[in-house]
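The exercises below are meant to be worked through with the sequence and the 3D structure in view. Try each task before reading its solution.

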Amino acid sequence: MKEKVRTIYKSKRVTIKEIISPKNFNHSFSQNVDEYVYVLKGSANLQIGKKKLALKKGESLFLKKGTRNNKFKTSDKEETIWLATYFR
């Protein structure tokens, strides 16, 4: 399954997206812009560089541009819905 991504707002400096990740979804990524992510529903286990953490509904995280070797895995119980704000 793939993530569903919907752009809510976009300007020269800021983009806001709603991202729906299926349950039990694995993804790897590197940051090319600053990102603030907020969990609207569900949960995910993340690895940011060497640091491991868990995010659940109502929690957020700031990812600085240039952060590498990032991975996440969503809950196997329900989809995870993120509100992601990207700063250029």
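**Exercise 1.** Work out how the residues of the lining of the largest pocket divide into nonpolar, polar and charged.

*Solution.* Start with the classes: Ala, Val, Leu, Ile, Met, Phe, Trp, Tyr, Cys and Pro count as nonpolar, Asp, Glu, Lys and Arg as charged, and the others, Gly among them, as polar. Sorted in this way, the lining of the largest pocket holds nine nonpolar, five polar and two charged residues. A pocket here is an open set of points on a 1 Å grid over the protein atoms alone, where a 1.4 Å probe fits and protein lies on both sides within 12 Å along at least five of seven lines, and lining residues have an atom within 4 Å of a point. Of its 16 lining residues, Ile19, His27, Phe29, Glu35 and Tyr86 are the closest to the centre. This is a predicted model, in which local features need pLDDT of at least 70 and side-chain atom pairs count only at pLDDT 80 or more, while totals for chains, interfaces and linings use all residues. Residues are numbered from 1 along each chain as its sequence is written, and side-chain values use heavy atoms, with hydrogens and water left out.

**Exercise 2.** Determine the order of the five strands in the open sheet, and find which strands stand at its edges.

*Solution.* Strands are DSSP runs of E with at least two residues, numbered from the N terminus, and two of them pair if DSSP finds at least two bridges between them. The order is 1-2-9-4-7, with antiparallel pairing. Strand 1 (4–10) and strand 7 (60–63) stand at the edges with a single partner strand each, so one side of each has no neighbour in the sheet. Six bridges join strand 1 to strand 2, and Lys10 stands opposite Thr15 in strand 2.

**Exercise 3.** Decide whether Thr85 is buried or exposed, and list what Thr85 touches beyond four places in sequence.

*Solution.* First locate Thr85, which lies in strand 9. Its relative accessibility is 13%, and buried means under 20% relative accessible area, exposed over 50%, and partly exposed in between, with a 1.4 Å probe and protein chains only; Thr85 therefore counts as buried. Taking contact as heavy atoms within 4.5 Å, Thr85 touches Val14, Thr15, Ile16, Asp34, Glu35 and Tyr36.

Methods:
Helices (H or I, at least four residues) and strands (E, at least two) are DSSP runs, numbered from the N terminus.
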